[in-house]
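Q: I am new to this structure and would like to learn how to read it step by step. Could you take me through its features in turn?

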Amino acid sequence: MLTFARVSRLLALALSLFLVSCAEESPAPAAKESRGSVYRHAMDGAPTNLDPTQADSIYANFFAVNLYDTLFRYKYLARPYALEPNLAEELPQVSADGLIYTIRIKPGVRFNDDPAFEGGRGRVVTAADFVYSIKRHFDPNVRSMGSWLWAGKIVGMEEWRENGADYAEEVPGLRALDERTIQIQLIQPFPQLAHTLTQGYAAIVPREAVDHYGAEFSLNPVGSGPYRLESFDSARAVLIRNGGFRKEPFSLAREGFNPEQQSGLGLEELEGLTPPFIKRVEVEFINEDAARWNALVAGEVDFIKAPVSQLDSLLSSRNPPTLKPEFAEQYQMDASLESGLVFTYFNMSNPEIGQHPDPEVDERNRALRCAIVKGFDWQRRNEVFYYGIGQVFPGIIPPVTPEYDATQSFDYVTRDVEEAKDLLVRNGWTEDNLPTLEYGMVSGVTDRQMFEQFRSFMADIGYPTDKIRPLTFASYGDYARAYQNREIMLITLSWTMDYPDAENTIQLFYGPNASPGSNNSNYDNEGFNQLYRSSATMQPSPLRTTMYNNMNRMVMEDCVAISGLSRTLVLLWNRDFTMKPDRSFVGGSYFRFVQAPGDPDD
Amino acid sequence: MKWLAANSTAARTWQALRTDPWGLAGLAVILFFFLLALCVWLGLLGAGWAEASGGRWQGPGPDHWFGTNMLGQDIFERAVFSARIAFEIGLVVAVATTILGAGLGALAGWRAFGFVDDVILWLLGVLDSIPFYLLVAALAYAMQGQPLAMYIAMVFTFWTATARLVRAEVMRIRNQDYVKSARAIGLPGWRIILRHVLPNTSHILLVQGTLVFVSAIKAEVILSFLGLGVQDGVSWGVMLAESTQEVIAGHFGNFLAASGMLFLFLLGLNLFSDALQDALEPGSARLRSRLFKAPA
């Protein structure tokens, strides 16, 4: 039997725990002591594989573009993003018909020393290394995650794969003309080609290392990038400056410096210095928001993506986002729109809610989808999940792209409960005949809360709550498998753009890309498809932008998706560091430009 | 207690419970939560657990006694609704576990040292060799998407302890004279087990049932916290999972409501099950008493 004394002790313990948990947290002074040229970067996820052919996440891409060289990269500071030669000497020379790209690489660039090379000394990077690296994506044994970027685009590549992927066999459309000249011949114009060559997927690997390490190559990267890997496990990775990296003095003008927006970051001091500046980068993989935040406050890391739940205590104003003075003393902040969007697809191949061969049913389904779109409260979604600093926009062309039309009507993303109800009534939808909606999600707090919010929005337009059910999956892989198998009616996703061109989001609705391809709505509209085919081979122009916007309108008229919102990512870093961080696919190569306190260009 | 026969087990148990103030306090707590759950079942409380009726993270007030969460949902409504979930899970798992554990345990005990007993003991050994929460989590993960995944995972994991206890008790009972007499007059084995053996293990089943009830509630909280438990609804585990994102921002409503109610309910259940065990098995209480008084 429990005695009174024992119960009292238990209660006292519980009370103590409660009081400890209520203790107010305040930012502790960040570690100021000198620790050499070390930058400690917190990532909210971790890569599992460092082979560039597997660089399918932001995290893996970060490592690929810092450990390896790519032909091109994006200018460090220019927004909208602009291409900059990296290993290439200059931007590609493109033939008049847009089919042949010729690229010269810089002379004398060497791979890092490694036992994989003869005598352990890294050799010079050649055009043949690039050819080999791209061929690997089409080698069935490699199981590349990035082959889709160039599939069906390079002359002879598909045949090379079908003939057994023999690396000794030349691909007519991908050749090394000499030691330093690459020629790519396309089947049809692909204006985004140069953009794809900035990605981690296009990183250049030496064949010796792939052969030497075999399956272990994924953990033993050997590149010519600004950093080399010292250690890597599930908790952290350490990168060391590549002392032999080519000497290219930093130029504010070349990197697209904008004094009006970037003058407070101290970047002017970098002019003329030679990157990479930081000798050692320690990347901590910290999934939990609270742990990441506490690591920054305790001075254990120098950079984090701020958790949304912390923004209330962090910011003194939202528009523009401004740090409270007590935080501004210690940290710099960057609040920029992401290169991507969050949205919810309707599964258009589902006869209960999608396209239907019977025109009458098809029209009723369209009305149902439009009612759901009108019932969705984007402002509230933004307020609750993105602290109200995300940008809501109509359709599928995100504001960060040059093709975005800021003057278009915002009706599509303006909630109108009465109109939604009216749409349902006019098209014969009643509580009894409305279909049961299955809302797919990965098991987790945020997804569950988003589902509950969606259900409450729908309750407002008269959709019975017991007809909106969650379809939960244990992992993102299971979820992806299900929507690629067309098993889910409502698919909520975020899309991070691979390159800053609206084509990258428009292709998500192109009929031939239907599941298991990237078009998981399975939308198939011949008019849209025709426009996409025509615009896909066009260089950027006002006409192409008009075509993009017409496709955007088609998606909205057919109510194919509840879309969209671009999140504002709040990045925080120790203000002793001089940098302009970027957490997107297109911005991962900025490590080389991070400058530590009191760290001269040595 | 006039309706209880003076010398019946129930009457003796009640007499013992009446003299145990902590046991009565535990019973009062359980009854309180049962009343809450009953009100939820009847639709008198907790009906608005899913509605976003307030602003984001509102503090406690007359409209929202425990404040609101990130979505503007009333935390009191959600905490009360969770009491119903806790009762449902506790009861379903306790009853199913008791039936399965009692059935297989009795069978093993009745056929002790035979083939059937060997098979059941092997199964018990295999299941018991896997860490308890790891097995529940693994099963729940493997069956995710099935509506009853969490229940099945718990029953599959929890029945072993009941089965072991019942087996031991049945091995003792089967050598009693009244069982031998029943055999002598030709009663079939299944009938002897059902009518004469299992009723005499009721004290074990009752105590074990309350312990499983407690374990099921704790397991649900852990599974829901990990995203493997309640999928469409709310529970204290779900609320605690939500609170992980809120406490670092200084919002404690979810955390205090869920952990407070869970603490109180589990305290009540533990006090009551302790008292019940003492009442049903006075020997165990005396043994504990001797152990506590034993010199170091």
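**Reading the model**

A: Reading from the N terminus on, the elements of chain B follow the order α-α-α-α-α-α-α-α-α-α-α-α, and the secondary structure of chain B amounts to 12 helices and 0 strands. Please keep in mind throughout that this is a predicted model.

Q: What box do the C-alpha atoms of chain B fill?

A: Taken along the principal axes, the C-alpha atoms of chain B fill a box of roughly 75 × 50 × 45 Å.

Q: At what angle do the axes of H2(B) and H3(B) cross?

A: Two packed helices are described by the angle between their axes and by the distance between the axes. Here the axes of helix H2 (residues 21-41) of chain B and helix H3 (residues 75-110) of chain B come within 8 Å and cross at roughly 105°. Angles of 65 to 115 degrees count as roughly perpendicular, and H2(B) and H3(B) are therefore roughly perpendicular to each other.

Q: Which residues of H2(B) and H3(B) meet?

A: From H2(B), the residues include Phe33(B), Phe34(B) and Trp41(B), while those they meet in H3(B) include Phe81(B), Arg84(B), Phe87(B) and Glu88(B). Sorted by class, this contact of H2(B) with H3(B) has 11 nonpolar, no polar and 2 charged residues.

Q: How much area do chain A and chain B bury between them?

A: The size of an interface is often given as the accessible area lost when the parts come together. In this model chain A and chain B bury about 3200 Å² between them, with 56% of it on carbon and sulfur atoms, and 37 residues of chain A are in contact with 38 residues of chain B.

Q: How many salt bridges and polar contacts are found between chain A and chain B?

A: Across this interface the rule finds 2 salt bridges; one salt bridge joins Asp232(B) to Arg455(A), with the closest N and O atoms 2.9 Å apart. The count of residue pairs in polar contact between chain A and chain B is 9. On the side of chain A that touches chain B, the largest share, 9 residues, comes from H14(A), and the residues of that side divide into 18 nonpolar, 11 polar and 8 charged.

Q: How many salt bridges does the structure hold over all chains?

A: Over all chains the structure holds 39 salt bridges, and Asp582(A) forms a salt bridge with Arg79(A), the closest N and O atoms being 3.0 Å apart. That pair links distant parts of the chain, 503 residues apart, with Asp582(A) in the segment after strand E21 (568-574) of chain A and Arg79(A) in the loop between strand E2 (72-74) and strand E3 (83-85) of chain A.

Technical notes
Residues are numbered from 1 along each chain as its sequence is written. Chains are lettered from A and ligands numbered from 1 in the order in which they are written. This is a predicted model: local features need pLDDT of at least 70, side-chain atom pairs count only at pLDDT 80 or more; totals for chains, interfaces and linings use all residues. Side-chain values use heavy atoms; hydrogens and water are left out. Contact means heavy atoms within 4.5 Å. Buried area is the accessible area (1.4 Å probe) that two parts lose on being put together, summed over both. A salt bridge is a side-chain nitrogen of Lys or Arg within 4 Å of a carboxyl oxygen of Asp or Glu. A polar contact is a pair of N or O atoms within 3.5 Å; within protein, one must be able to donate a hydrogen and the other to accept it, and residues adjacent in sequence count only if both atoms are side-chain atoms. Helices (H or I, at least four residues) and strands (E, at least two) are DSSP runs, numbered from the N terminus. Ala, Val, Leu, Ile, Met, Phe, Trp, Tyr, Cys and Pro count as nonpolar, Asp, Glu, Lys and Arg as charged, and the others, Gly among them, as polar. Axes are lines fitted to C-alpha atoms, for helices over the stretch in contact, and angles run from 0 to 180 degrees between N-to-C directions. Angles under 35 degrees count as roughly parallel, over 145 as roughly antiparallel, 65 to 115 as roughly perpendicular and the rest as oblique.
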